[in-house]
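Good morning, and thank you for joining this group meeting.

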Amino acid sequence: MGLDLGEVERRLRTRFVGRRFVYVASTSSTQDLAREQAEADAAPGTVVLAEEQAAGRGRFGRVWVSPAGSNLYLTLVMRPDLARLRSLGIVAPLSVALAVEEHTGLSPQIKWPNDVLLGGRKVAGVLIESELAGREVRYSLVGIGVNVNFDIDPASDLAPIATSVKRELGRDLSREELLASLLNRFEELYEEAPHGTAVYAAWRSRLETLGRQVRVTFRDQVQEGIAEDVDGQGNLILRRSDGSRVTVEAGEVSLHGDAGC
Ligand code: BTN
């Protein structure tokens, strides 16, 4: 069954996020549809949603498996100024984690920078694509995929690294309730982020990466060390085996010996 958007709207407490939905049964990727909307002057907070994606994509050119009817695939069109751009990568995973927690009592963790995990497996991912003109952000596309009621085949390659809310909870969860909470949280955190450190601290407190020996790969660069902390911008600070510290702005974290996810 398709999403009941009326139900989502009844639960929204937002000023601008989710005040306009573009909802389609199927698309290549909500990122592509959202880009068209953004180029056509869509208002900030516009949410592009699809029941399924034929070419859902993740970070680093990966495929985001996007079957119909059971999950959430959405892209928010945002128009932050440059100073707020980085906060999107903190606000998005935190809003997913808080919404899942609110409806399940489970405690999602975050794998730096913005994967959401349940029981050590990935339940949601965030892909942010921004269009800049000089120092101006024309728009930012915040793509969020949440495995909600996805029955992951135990024999599939995904099973060891991915999970769904249903798998962890043992029952279906209303996608409408989860989506409304996610959007409510997103706006709340986005508005709060520039004022103080509470949003950053809430994101940091859920980082399962801290204190672990990790390998961070970004393009052709690999850094290894203990994930000691994150700085105020959300960068990861690694302590190398020779005692030196390095700050990493972006990348894919894997623990030594695992394949990441
Ligand atoms: C990742 O973890 O690598 C990011 C996954 C992001 C998936 C979402 S689903 C909605 C939006 N459309 C896409 O094609 N990707 C994002």
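Let me begin with a term. A pocket here is an open set of grid points with protein on both sides within 12 Å along at least five of seven lines, and a volume is the space filled by probe spheres set on such points. Rolling a probe the size of a water molecule over the atoms shows where empty space is left. Please keep in mind that this is a predicted model.

With that term in hand, consider the second largest pocket, which has a volume of about 490 Å³. What takes up the space of the second largest pocket? The ligand does. There are 31 residues in the lining of this pocket, and Gly58, Val63, Trp64, Val65 and Lys122 lie nearest its centre. By class, the lining has 14 nonpolar, 11 polar and six charged residues.

I turn now to the ligand. Around the ligand stand 20 residues, of which Ser29, Gln53, Arg57, Arg59 and Lys122 come nearest. Six residues of this shell are nonpolar, 10 are polar and four are charged. Helix H2, residues 30-39, supplies at least two residues of the shell, as do each of the strands E3 (72-78), E6 (121-133) and E7 (136-146). Which element gives the largest share of the shell? That is E6, with four residues. E6 also gives the most to the lining of the second largest pocket, again with four residues.

Some individual contacts deserve attention. A polar side-chain atom of Ser29 lies 2.7 Å from an oxygen atom of the ligand. For Thr30, a polar side-chain atom lies 3.0 Å from a nitrogen atom of the ligand. Arg59 takes part through its backbone: an N or O atom there lies 2.6 Å from a ligand oxygen atom. As for cover, the ligand on its own has 410 Å² of accessible area, and the protein covers 98% of it.

Finally, I come to the largest pocket, which holds about 720 Å³ of space. Its lining comprises 25 residues, and those closest to the centre are Arg59, Arg86, Ile128, Glu249 and Ala250. Helix H4 (88-104) and E6 each supply at least two residues of the lining of the largest pocket, and the largest share, six residues, comes from E6. This lining divides into 12 nonpolar, eight polar and five charged residues.

Thank you for your attention.

Conventions. Residues numbered from 1 in each chain as written. Predicted model: local features only at pLDDT ≥ 70, side-chain atom pairs only at ≥ 80, totals over all residues. Heavy atoms only, no water. Near = heavy atom within 4 Å. Polar contact = N/O pair within 3.5 Å; in protein donor to acceptor, adjacent residues only side chain to side chain. Areas by Shrake-Rupley, 256 points an atom, 1.4 Å probe, with all protein chains shown as cover. 1 Å grid on protein atoms, 1.4 Å probe; cavity = no way out; pocket = protein on both sides within 12 Å on 5 of 7 lines; lining within 4 Å. Sits in = over half its atoms within 2 Å of the grid points. Nonpolar A, V, L, I, M, F, W, Y, C, P; charged D, E, K, R; others polar.
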